[in-house]
Amino acid sequence: MPTPGFRPTHVVPGRGTPAWEAPDPARPTVPLDPLLPVQLLQRRGDWAQVLCSNGWSAWVDGRHLIAVPQDPPAPGGPLTATEDPRPLLARAEHALARYRAAVEEVARGTLDGEDFRRRTQGVRIGVVVDGESVWLYDAVQGRWAYGDGTALSTYATDEEPGERPAAPGYAPTRVVTPDGEP
């Protein structure tokens, strides 16, 4: 059951993250799952205390948390053109249904742990809904998208800065001295 007033401020990185009972490396606890929405409670240097939706809290390396935007992207901010949110919502729904079906089989005892891991391998979704706002993780394109119920636009990508190829037809930028010599 979600904790009353829980509002995610961050998401755990796609590989998950180690967690500790206190900001002390000698007190490890269960790691947090990939793309888990969490609420930042406090920071102590690089340490971050986070709250999960079920009320459980832990300390993590706050440098690796991915901020969930609290406001929609500013005009001109999206990296791609506006698109229809329904296909991405359908993919998220399908992935969640696949995962839930596997969980149901484990609960019934008709699927063991190894088969569960195989069945769910590659299933990756991320969804944060807050009223009319939605943030969806698109695993196919490696991006987080923001939607307002009518349109969806890219908010952030998994690409590292500089991974995009240069636009064709443009020469690389070079520094030129006042006399025109490089």
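Me: Leaving aside neighbours within four places in sequence, which residues is D138 in contact with?

Reply: Contact means heavy atoms within 4.5 Å. By that rule, and leaving aside neighbours within four places in sequence, D138 touches L88, R91 and R143. This is a predicted model, where local features need pLDDT of at least 70, side-chain atom pairs count only at pLDDT 80 or more, and totals for chains, interfaces and linings use all residues. Residues are numbered from 1 along each chain as its sequence is written, and side-chain values use heavy atoms, with hydrogens and water left out.

Me: Is D138 buried or exposed?

Reply: Buried means under 20% relative accessible area, exposed over 50%, and partly exposed in between (1.4 Å probe, protein chains only). D138 counts as buried because its relative accessibility is 1%.

Me: Which backbone nitrogen does the side chain of D138 reach at 3.3 Å?

Reply: A polar contact is a pair of N or O atoms within 3.5 Å; within protein, one must be able to donate a hydrogen and the other to accept it, and residues adjacent in sequence count only if both atoms are side-chain atoms. The nitrogen at 3.3 Å is that of Q141. A polar atom of the D138 side chain also lies 3.1 Å from the backbone nitrogen of V140.

Me: Which residues make up the largest nonpolar core?

Reply: A nonpolar core is a set of buried Ala, Val, Leu, Ile, Met, Phe, Trp, Tyr and Cys residues joined through side-chain atoms within 4.5 Å. Here the largest has 10 residues: V12, A19, L32, V38, A48, V50, C52, A58, V60 and L65.
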